[in-house]
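Colleague: I would like to go through this model with you, beginning with the ligand. Could you put it on the screen?

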Amino acid sequence: MTDDRGSVSRSGQDIQAVAEGRSDTLDLGRGYHHGAPRELPAAVRQLTGLRTLRLTGTGVTELPGWLADLPVETIDARGCPLEVMPPLPWVRWALDAGKLHAFRRMIAPGRVYGATISTGDDAAAIAHLAQLIDQRQLSLTELVIEPQRMLLSSTWSNLADVDRHLDALIGGSPRLRTLRIVDCPLGRVPEPIRRLRHLTELSLSGVLPDELPDWLFEVPALAVLDLSHNRLSRLPAALGQAERLSRLTLSSNPLREIPDKVWELERLTFLDLWGCPIQRIPAEILRLPALTRLRVDETRPELTVPPPEVTARGLDAIRSYWRQERASGTDYLSEAKLLIVGEAGAGKTTLAKKILRPDYALNVGEGSTQGIAVSSWRFPSAVRVVEADGERVLERDFRVHIWDFGGQEIYHSTHQFFLTKRSVYVLVSDERKEDTDFRYWLDVVNLLSDGSPLIIVQNRKQGRSHDLDLRMLRQEYPNLVAALSVDLSDNSGLAETVARVRRELELLPHIGTALPKTWQDVRLALEGDTREYISSTEFFRICEEHGFAREADMKQLGGFLHDLGICLYFQEDPLLSRTVVLKPEWGTAAVYRVLDDPQIVANQGVFGPEDLERVWHEPIYEPVRDELVRLMAKFSLCFQVPTSDRFVAPQLLSQVRPAYPWDDRGGLTLRYEYDVMPKGVVRRLIVDLHDLIEDKAVWRNGVVLRYESGRAEVIEDYRRRRLQIRLGARNTRVMISIVDRALNLIHRSYPDLRFERLRPCNCDVCRVAEEPTMFSVRELEDFARAGDPIQCRSSHRLVDAAVLLSELWQPEDAGGPRRKAGPGEVFVSYKWGGDADELVDEMQGKLAARGLVVTRDRNEMRYRDPIQQFMRRLGAGQAVVVVLDDAYLRSKNCMFELTEVADRENFVQSVFPILMPDANIFDPMGRLEYVRYWEEKRAGLDEAMRLVGQENLQGIREELDLYETIRNAIARITDVLADMNVFTAARHAGSGFAELYEALETKVGERPE
Ligand SMILES: Nc1nc2c(ncn2[C@@H]2O[C@H](COP(=O)(O)OP(=O)(O)OP(=O)(O)O)[C@@H](O)[C@H]2O)c(=O)[nH]1
Ligand SMILES: [Mg+2]
């Protein structure tokens, strides 16, 4: 069956199921994703086997007379705006307290089995319910107390009434099976619960009790218990008594450990610890064989056992980790990477050698390091390990992989791919030269190492040494832990330096992490293996040899070794997954061979298969040449020229900008300015957008891109830390979004990157100036939001910030073929400067972390066109999230958009509204309030119209029509929303937008051809 929008709905499937006799229950509100009906679908009339009808979450206001002809026994009408119905005296009802009161003449209290008290219910309705129960006219099996559906923080103005009657309500309902008290800050657990012999489901979520009484866990039939959002830092030992418990929700409580007694709940199938700062998931998890779902957030920094790499892979991985650990005992990680960086000739290689052998004699002929040289260093160490019963110190051999980076400029941009987290960095400076750009090195390490410690080693080289303002540097770079001086010619200061490096290595947070011994065994076997790389089949064989049985476990270990930088094993890449590179330095050296090859350098970075055969001529490379090129591409070091067998390594391109025509008329300039600019941004951009490069207009620091009639020139000015972008007059917006999107992806790989986006002033002076005033886009947005003009620093004229921005987002003049939208776009429409800001920030972050790019629409500005445009070309692979709050519903531009959205019937499946708590539209009174608001606006304008002359009326008439449209839209907004994929802010609060992500992912996954 299809609904009136032509798509097969979930309830449609359910109707089918009842029609075919597979079910006797119809839940019309089920499944947010297809919206819920406003009336009973006509097909229901044929359902002669229908016994239970659920209307919760629908907009049904009227039950038709023919319903009486069906054998319906039970109707759940809670959270449904039911107003009219035929007499159905035999039906058993679940109702809102307000409806129970309203229908008191239609429905006999004895027929009511379930009731909901909500924020919207007045004192009279609550008192009425309490009275019926008190007089034993009514005996409930379900009682729910929760804020009005869809409205997260609709406040409990009636909390005192609820609190006053609650004990009597519960005490008078000894047959209760379900009791849910949600987001109702009573501060206590109602005492009469202890006498509920039949209670199977209990929610006390957001009730904030001071303590949990022991008897709570002795309620005999309790199977489902929700204690989320409660500030509980521990649970009473009595928890172990709740033998029948199968679902336990403890999310969003400050629990630092999973309560011990949980492991006694053998029937548990679902355990929810989302949002709890737990530190470990212990081996006891193996005691819960029935458990099928564990919700934890492995991205929380506290959760370290099992290692996050394991936890991220889910319950089975956690179990297998502990099973193996049990079978084989534990070993502890005592292994790390030491990275030595600095300018060419500073003494890095010499230091690396002296760490291994202090008596190593200086070698004047020390060749400059090509690429990276790796060596290993071992020393006996005491490793601190944390176990359930406290800390211990163990004797272990500490293994260090020293990565000595070649210091020549040519390597700087490629090295960044090999800088890793959980490592120690040494920056060697040559004190005779004063050429060390400390800030550059500190910045790069800071950007890429995720806070790994860095030690500056000033190599004195014959006694000359100059001071470093260490104190100041340390303020700026918290990861800078020490600055030491050495003289490698006489070893003075060497012992202290080595001791300090050792200490920092031993203090790395991952040292001492427990690992199953089988893992360690495989790891050792691989380390002893002299081969550079092996096939994945061979890797599995080695794992089996050391006691692994399941391929999933082996892959898990492979992923872990890769994450730690011990081997290279890209399991997601179809080609690369066939090979495990046991010596990562061999892989990197192979890559550098190409970049260092004189012929390829002479050819300005262009190479083909014959070059690769030459560079990788040894038999060892032959079988993996394809993999190695793929590896280079993966690191953005080269790209293949479309429809050709040539490759280009942008860092070897000519430095000289080629000649190409450029017409400045009608175009636009944009600039990105970085606090710290990573090297090679434009080169990565060249690789990522290589299919848009115009002719041969590409050089080492810049590129001209073309898409249809649009052109963009991007030039990196590393010394001034900027990217300069010029856009041609045509298709400007499309080009901005292409470049912005690609840059976004690149920027994301630098966790702490800070930059500013700027556009030039458009005043008469700046228009013709060489160096026009540049405004930061963020600043313009601030001014535009406040409606203030901004002052040009050159001409001192005031310019309109909103206009400057709107130019940035100006839609194309009509005509010209429409761009086929790029894959996977998500737009957000929301009202600026309110609560929605925070939600959108969070959503954007969370979705970005999962790889979805969210484009914001600044709809409060004059440039509301983007979303309109977007809506027009909205097709497969795109979605719009609309954040509805009170301010949105009162904003002209926002509402204009919403009506646009709502009018496009086939687009409803692509629109995902999020309801903020103050969007009071599911309540008839609230809706009325908005209608009144827009009616008043219209009346005000109408009045104003009479006062101005006819010639000025044009814009105003349109405005008047708009108000009218909005007013009508509000009146039917619940209908509109019912057809969309509605989510409430509340649903996202706990889930980290997981559900939204899934829905969006499905939507934008439908990529256009
Ligand atoms: N006199 C003296 N010479 C030193 C000292 N440290 C290093 N050298 C010499 O300086 C030269 C360069 O040292 P390397 O260790 O190769 O420098 P590097 O940092 O590895 O250089 P790249 O690999 O090119 O980045 C070699 O000839 C060393 O012998 C020192 O403390 N005193
Ligand atoms: Mg060197």
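Colleague: Which polar backbone atom is 2.9 Å from an oxygen atom of ligand 1, in G347 or elsewhere?
Modeller: That backbone atom belongs to G347, and its distance from a ligand 1 oxygen is 2.9 Å. I count polar contacts as pairs of N or O atoms within 3.5 Å; within protein, one must be able to donate a hydrogen and the other to accept it, and residues adjacent in sequence count only if both atoms are side-chain atoms. Please note that this is a predicted model, in which local features need pLDDT of at least 70 and side-chain atom pairs count only at pLDDT 80 or more, while totals for chains, interfaces and linings use all residues. Residues are numbered from 1 along each chain as its sequence is written, chains are lettered from A and ligands numbered from 1 in the order in which they are written, and side-chain values use heavy atoms, with hydrogens and water left out.

Colleague: What does T350 do at ligand 1?
Modeller: A polar atom in the side chain of T350 is 2.5 Å from an oxygen atom of ligand 1. The backbone of N363 also has a polar atom 2.9 Å from an oxygen of ligand 1.

Colleague: How much of ligand 1 does the protein bury?
Modeller: The protein buries 89% of the 650 Å² that ligand 1 exposes when taken alone. Accessible areas come from the Shrake-Rupley method with a 1.4 Å probe, and for residues only the protein chains shown count as cover.

Colleague: How many residues surround ligand 1?
Modeller: There are 22 around ligand 1, the closest being K348, T349, T350, S368 and G407; a residue qualifies if one of its heavy atoms lies within 4 Å. By class, this shell has five nonpolar, twelve polar and five charged residues. Here Ala, Val, Leu, Ile, Met, Phe, Trp, Tyr, Cys and Pro count as nonpolar, Asp, Glu, Lys and Arg as charged, and the others, Gly among them, as polar.

Colleague: And which helix gives the most to that shell?
Modeller: Helix α7, residues 348–356, with three residues. Helices (H or I, at least four residues) and strands (E, at least two) are DSSP runs numbered from the N terminus.

Colleague: On to the metal. What are the protein donors of the magnesium ion?
Modeller: For the magnesium ion, ligand 2, they are OG1 of T349 and OG1 of T369, lying 1.9 Å from it. T349 sits in helix α7 and T369 in the loop between α7 and β15 (372–387), so the pair, 20 residues apart, links distant parts of the chain. Donors are N, O and S atoms within 2.8 Å of the metal (3.2 Å for Na, K and Ca); water is not among the atoms, so sites may look incomplete.

Colleague: Are those two threonines, T349 and T369, buried or exposed?
Modeller: Both T349 and T369 are buried, meaning under 20% relative accessible area, with exposed being over 50% and partly exposed in between (1.4 Å probe, protein chains only).

Colleague: What about the protein as a whole: how many helices and strands?
Modeller: It has 32 helices and 39 strands. Of its 1009 residues, 54% are buried.

Colleague: Why is helix α9 described as largely enclosed?
Modeller: Helix α9 (residues 438–448) is largely enclosed by the rest of the structure because nine of its eleven residues are buried. Among them are F438, Y440, W441 and L442. Just after α9, D450 takes a positive phi of about 55 degrees.

Colleague: Which residue has a phi near 60 degrees?
Modeller: R136, a residue other than glycine, has that positive value. R136 lies in the loop between α3 (123–134) and β6 (142–145) and counts as exposed because its relative accessibility is 70%.

Colleague: Is N731 buried or exposed?
Modeller: N731 counts as buried, because its relative accessibility is 11%. Phi of N731 is also positive, near 55 degrees.
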